[in-house]
Amino acid sequence: MLTTKRLKLLALPALMWLGALFVLPLLMIAALSFLKRGTYGQIVYQGTLDNYARIIDPLYGDIFLDTLAVSVLTTFISLVCGYPLAYHISRLRRSAQQVWLLLVMIPFWINFLVRSYAWVIILRSQGVVNTVLQSLGLIDEPLPLLYNSGSVLLGMVYTLLPFMVLPIYVSLEQMDRRKLEAAYDLGATPWKAFWHVTLPMTKSGVVTGSILVFVSSIGMFVVPDVMGGAKSALIGNVIQNQFLSARDWPFGSALSIVLMLLSMLLIFLYYRAANAAGAKEGAA
Amino acid sequence: MKTIIALESIEKHFSGSVVIPPLSLSIAEGEFLTLLGPSGCGKTTLLRMIAGFEEPTAGEIFLDGKPLTNVPPYRRDMNMVFQQYALFPHMTVEENILFGLKMKKVPAAEQQRRLEEVLQYTHLAELRKRTPKQLSGGQQQRVAIARAIVNNPKVLLLDEPLGALDYQLRKSLQLELKNLQKNLGITFVYVTHDQEEAMAMSDRIAVMNKGRIEQIASPAEIYNHPRTLFVATFIGENNIFRSGDASIAVRPEKIRLYPLEVEPDKHRMTGQITDMVFLGNLRKLYIRLYDEDMTVLAHEYAGDSRGWRAGDQVAIGWAPEDEVTLRC
C-alpha cells in the first residue's frame, strides 16, 4: 500500500518544475516592480513606488480598459460559439466525436505565429478575401479587414475557441442523459430543459472554459501585434515593449503585477456570480 | 373497464434488428400492470416508447383514445420514475418536486398546496431543503415518486424503480407502492425483472420474452396456469415433463412422494433422493428419476414431513388437476 506521504512524492516533479520556473520568476517580477530603472535600462537596487504611480496615467488606464473589453468580448463570443459546437459534438456517435474533436484541436499542431500570419494573408488589402470580392466586382476598394479591433477580436476568438469547446464538451459528456429525459418527462420543452437542466449541470465546463479564455486573452500580445497594427495595442503589447524595447523592466513588472491582480479579482467576481446564478437557478 | 393505454401492432427495430415484433396490448384505467421479463426482453424499450423517448418503427400508441405518435414526451400526460431516479442534482428536494408544476405553469398557490400534500404523503417534509446527494437511496426513490405523482398524471411509468435498493428496503417499498397506487387510483405500468416483485404488486403481469408478450394475466393465473414453457420456467420453480410433443409442468409443491411399495396407480415415476436443502419453512428434495434423465424438485413443508432422507427410493405422483399442459 502506498501511504499518502509516498503518494505526495508523485506530485514532486511537477511542483519542482512550477516552483523553479513559475513561482520563482513571479517573485522576481514582484520584487523588480519595486525597484528603479537606471538611465541605460539597468536595474537600480533602490526601493520605490514610482512604477505603480505611473500606471495611474490615463494612457495606461485606457489600455487596461481596452484590454478588458476585448477579453470580455472574446470570452463571450467564444462561449456563444463554443457551447453550441460542444453540444453538437457531444450528441454525435463516438466515432464522429473523435473526428470533430480532432478538427477542433488541429490548429494547435501549427505554430501560433504562423497561424496569425495566415490570417494576415487572408484579410490584408491584397488578401484572399479582398481579391475574390474585387474580381467578382462586388467591391471597388479593398475592405479594411485588418489592423483594427475587429480583426484582433477575430484572431483572439479563433485562437482561444478550443479552450472553451473542450471543457464544455467534457462536462456535457459527463452529464447523465436520463436527467434530460426526466426534464422532458416533467413537461419541459427542449429549450426549457436546456435552460433549467443542461446548462446548470454543465456550469463547471462553462466556468472553466471562460476562465481559460479570459486569462489567455487578457495577456495576449501576439494576435494584437500581428493582426491589430499600432492602434490596437493591448496591455500585453505594452508589457512586451517595456521588457524588449523600452528596457524598463521595473515598469513592465509593475504592469504585469497589476494585470495579474486585476485578472484574479475578475475571476473571483466571476466565480461568485456563477455560484449565485446557480443558487438562484435552483430557487427559481 | 375503460382502456387508458392501447398499443396497436407496435414494432421496434434497432439498426435493422427486430427488438419488438408487432405487439398489441391494452391497459385498463387504474390497473397495476407489470412488464416482467429477463434483461433484453424489450420491456424497457416498450415503456420508453409509451413515454415517448423511443419512437415505434411501426404501429400506434393511444392514450385515452388519442394517438401519441406526434406527441413529444413533454406533452404526454404521464410521468416516469427512472431506474436511477434521474433527480436534478442542482436542485433541492422541493425544487425537484416543483419542477413539473413550474414547467406546466401551474399557479403558485396551487404549486405550494400540491407540494405540501405530496411531501406529507411521501414523508419527505423534513428533507425538503436537502439536495439529492444528501439523501439515502430509499429517500431518493421517494423524491423520484413524489416528483412524478405531484403532476397528477393519468399514468405512472416505473422503470425498475426498486432495482438499486437492498432487499429489505425493496420489500417494504413494494407494499408502499402498491398502497400508493390503490389510494391514488393512478394507472401504473411497472417494469421489472424480479418475478417476486411482480407477483407481490401487480393486478396483471405481462411476461415478456424476446420482445413478445408470452402471457398476460393475473399473478395467480400466471403462476397456476402458465401457458408457455418460458412462463412456466421463468416464474417460480417448475418440473417440466416431456411426453412426445407436449410438455407438462408440475409445481414442486404439488409433487407427492410415496414409498415404492405404494400401489402403482397412485404414482407415475420412481427415483432416488439425491439432495435435500433445508430452508426453514420448507425442505427442497431433489429426486433423480430411474427411467428418465431428469431431476425432479419437490417441496416438503414443515409439519407434513415424512422424514425422507437422502438416498431413499421414492415413487412420484401428482393429482391430475395439478398438471399444466404447455404450448411450446
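Visitor: How many bridges join strand E1 of chain B to E2(B)?

Guide: This is a predicted model: local features need pLDDT of at least 70, side-chain atom pairs count only at pLDDT 80 or more, and totals for chains, interfaces and linings use all residues, while side-chain values use heavy atoms, without hydrogens and water. Residues are numbered from 1 along each chain as its sequence is written, with chains lettered from A and ligands numbered from 1 in the order in which they are written. Strands (E, at least two residues) and helices (H or I, at least four) are DSSP runs numbered from the N terminus, and two strands pair if DSSP finds at least two bridges between them. Strand E1 covers residues 3-14 of chain B and runs antiparallel to E2(B), and the bridges between them number 8.

Visitor: Which residue in E2(B) is the bridge partner of Ala6(B)?

Guide: Strands of a sheet pair through backbone hydrogen bonds, either parallel or antiparallel. For Ala6(B), the partner in E2(B) is Ser26(B).

Visitor: Which are the edge strands of the open sheet of 4 strands in chain B?

Guide: The order in this sheet is E2-E1-E4-E5, with antiparallel pairing. An edge strand here pairs on one side only, and those of chain B are strand E2 (17-28) and strand E5 (66-67).

Visitor: What angle does the direction of helix H1 of chain B make with that of E1(B)?

Guide: Helix H1 (residues 43-51) of chain B packs on the sheet and touches E1, E2 and strand E4 (58-63) of chain B; contact means heavy atoms within 4.5 Å. Axes are lines fitted to C-alpha atoms, for helices over the stretch in contact, and angles run from 0 to 180 degrees between N-to-C directions. For H1 and E1 of chain B, the angle is about 120°.

Visitor: Why is the pair of Phe32(B) and Tyr190(B) called tilted?

Guide: Rings of Phe, Tyr and Trp (its six-membered ring) pair if their centres lie within 6.5 Å; planes under 30 degrees apart count as stacked, over 60 as edge-to-face and the rest as tilted. The centres of Phe32(B) and Tyr190(B) are 5.5 Å apart. Their planes meet at 35°, so the pair is tilted.

Visitor: Are Phe88(B) and Phe99(B) buried or exposed?

Guide: Phe88(B) and Phe99(B) also form a tilted pair, 4.7 Å centre to centre with 55° between the planes. Buried means under 20% relative accessible area, exposed over 50%, partly exposed in between (1.4 Å probe, protein chains only). Both Phe88(B) and Phe99(B) are buried.
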